[in-house]
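Colleague: I would like to learn how to read a model feature by feature. Please show me the general idea each time, then the case at hand.

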Amino acid sequence: MAITEKFLESWGSSSLLRSAFRDLCEAAASERSPSWRLVPLAEILVSMLGEGATSSFGTVRNITDLLDARTHEVELFSKYDEFTPPDQLHQAHWLELAETAVTRGTELADVTVWLQYRRARINWRLPIGPVTFFHSAWAIPRARDSSEDIPEREELLAVIERSSALGSEDPGEEELLVLARIELGTRAISGAIPAAMEQVDALLNLMVSEGGASWEHTGAAAVVVNGEVRRTSSGSKYSPRGHPHSDRYGVSISEEILEDWGAELDPVMRSRRMSPFLVEALSTFRDASMTSHRDVTWGGERAVSERIATALEDHVLELVSSLASMEPDTVSDQLLQFAIHDWFSERVVSAIMSPTQRRNEMHSFDEQHDLANEITKLSRNGNRRVVLIQEAVRREADLRGFARDPAEELGIAQACRSVRDPAFKAKLFSEFEQEMRVLAKRHRRVRNAITHGNPVLPGTLAGVRKYSRYIAQQAIGVALESYKANKPVVQLLSKYAASSAT
């Protein structure tokens, strides 16, 4: 652990961050680098940033905002990020500002975080170690009243002036709100909110374990750095009327999804029951979905960590393997073949469609929209668009004309060539297959580390999350197909592996 901590300390240092950012920028500026070749360099930078890469207003978000901003918007950044922009901003200035933002989250400072919880109750003010809880309806009026004297008054006043969400008071008996103030001491600013939530969760988990009801974090948060409010969240999922925002869209699509599955499963469910292995696999996969599910965003469900989700997805694979009477590694190896072919096709399609997915100020929206419509068509049920590959290849020159940078243009050219030239496609596919096999081995190591309670670096875990999710999803899909067709899983796996290879 000591060696790991020492490595992490140097891995996220300012000098290495600047170097990684410059490497990424140089590669992006090269005409010989397609967009997908930039991904490993970006992943190195994300790994160095750690939690700051995933925060809703962390370092990566700041860099993106800076590079996408226009000159008149820079005042917004300079106001809260403490830098003075030059009078005339050229490309070099933007990159310099972004490079400064890369290292901003690594600076050490005295950090305090404020969080808001709903369906919660405490008696006025309750300090527990570095965490202090406040009954919102009691604390907020006292912060606004200069005659009141509570230790955190000035800081709380500054927070609620910057964040209307944190300034909400209790509307009624059923929707009590509690504020939590967490002193993190001297530390890096990056990742402060997740670190604060961990401390609060440790206390709340004890409460729930003793029979208490779960509190729900509303998403509202503020970070105070050296006594000054540095960041606040843009809002919360809490409504001033005391109810979570209604997710009407989610309800409507849930109805459609249920109807679609009902049409497929109704006949077979009338004739035989699902295997207990499949029932548990479906339940486990649902729990694993709670990392960023709409139930978390809108419905008040507690989010599942990426680490726990990876363990749950591994359990899904174990359950499907038991259903199939196969070794989990054998099932995993078969599903890897699906991933290699699916993701290679996805890479080609994504490269071809990339210039139609983002705004390009050199062309009008109508021009981009028309080009996208000409190389796609609606699927049979009308809920998605299907890319017409041959038509897209025929329009290669138009697509390259819409590219935003040399990397995107080269990616389009190579994708189109892979469709026309079997030898070139075989070369790209062989390179991609090697990448995927490395990813599968990394996923297996991460999975074993989690199972045995060993530490896993945030960047390493993030690097296998999409693959872990895909493998579990495909395992569920094969198990459901086995149930519907009343055929063994091993037979379907062999059939799908053979069709994928053609």
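Modeller: Helices (H or I, at least four residues) and strands (E, at least two) are DSSP runs, numbered from the N terminus. The model is predicted, so local features need pLDDT of at least 70 and side-chain atom pairs pLDDT 80 or more, while totals for chains, interfaces and linings use all residues. Residues are numbered from 1 along each chain as its sequence is written, and side-chain values use heavy atoms, with hydrogens and water left out.

Colleague: How many helices and strands does the protein have?

Modeller: The protein has 21 helices and 8 strands.

Colleague: Back to Val386: what does its relative accessibility make it?

Modeller: Buried means under 20% relative accessible area, exposed over 50%, and partly exposed in between (1.4 Å probe, protein chains only). Val386, at 27%, is partly exposed. Across the protein, buried residues make up 42% of the 502 residues.

Colleague: Is Thr112 buried or exposed?

Modeller: Thr112 belongs to strand S1. With a relative accessible area of 5%, Thr112 is buried. Contact means heavy atoms within 4.5 Å. Apart from neighbours within four places in sequence, Thr112 is in contact with Glu155, Arg181, Ile182, Glu183, Ala222, Val223 and Val224.

Colleague: What share of the protein's contacts with a separation of 6 or more comes from residues 24 or more positions apart?

Modeller: Such residues account for 70% of those contacts.

Colleague: Next, helix faces. Which residues of H8 are buried?

Modeller: The general idea comes from the helical repeat. An α-helix has 3.6 residues a turn, so residues three or four places apart point the same way. In H8 (residues 153-162), the buried residues are Arg153, Glu155, Leu156, Val159 and Ile160. They span an arc of only 160° around the axis, so they lie on the same side of H8. The arc is that of the directions from the helix axis to the C-beta atoms. Glu154 and Glu161 are exposed, on the face of H8 turned away from the buried side.

Colleague: What covers the buried residues of H8?

Modeller: The cover includes strand S1 (108-118), helix H7 (136-144), strand S4 (177-188), strand S5 (216-225) and strand S6 (228-232). H7 has buried residues too: Ser136, Trp138, Ala139, Ile140 and Ala143. Their cover includes strand S2 (125-128), strand S3 (131-135), H8 and S4.

Colleague: Now helix packing. At what angle do H2 and H3 pack?

Modeller: Two packed helices are described by the angle between their axes and the distance between the axes. Axes are lines fitted to C-alpha atoms, for helices over the stretch in contact, and angles run from 0 to 180 degrees between N-to-C directions. H2 (residues 14-29) and H3 (residues 39-49) pack at about 160°, with axes 9 Å apart. That angle makes H2 roughly antiparallel to H3. Angles under 35 degrees count as roughly parallel, over 145 as roughly antiparallel, 65 to 115 as roughly perpendicular and the rest as oblique.

Colleague: Which residues make the contact?

Modeller: H2 brings Leu16, Leu17, Ala20, Phe21, Asp23, Leu24 and Ala27, and H3 brings Leu41, Ala42, Ile44, Leu45, Met48 and Leu49. By class, that is 12 nonpolar, no polar and 1 charged. Ala, Val, Leu, Ile, Met, Phe, Trp, Tyr, Cys and Pro count as nonpolar, Asp, Glu, Lys and Arg as charged, and the others, Gly among them, as polar.

Colleague: How do H13 and H19 cross?

Modeller: The axes of H13 and H19 (residues 422-451) come within 10 Å and cross at roughly 105°. H13 and H19 are therefore roughly perpendicular. Arg307, Thr310, Ala311, Asp314 and Leu317 of H13 meet Arg447, Ala449, Ile450 and Thr451 of H19. The classes are 4 nonpolar, 2 polar and 3 charged.

Colleague: Last, backbone angles. Where does Ser325 lie?

Modeller: Ser325 is in the loop between helix H13 (306-324) and H14. Ser325 is not a glycine, yet has a positive phi of about 55°. At 68% relative accessibility, Ser325 is exposed. Asn486, also not a glycine, has a positive phi of about 55°. Asn486 lies in the loop between H20 and helix H21 (489-501), and is exposed at 56%.
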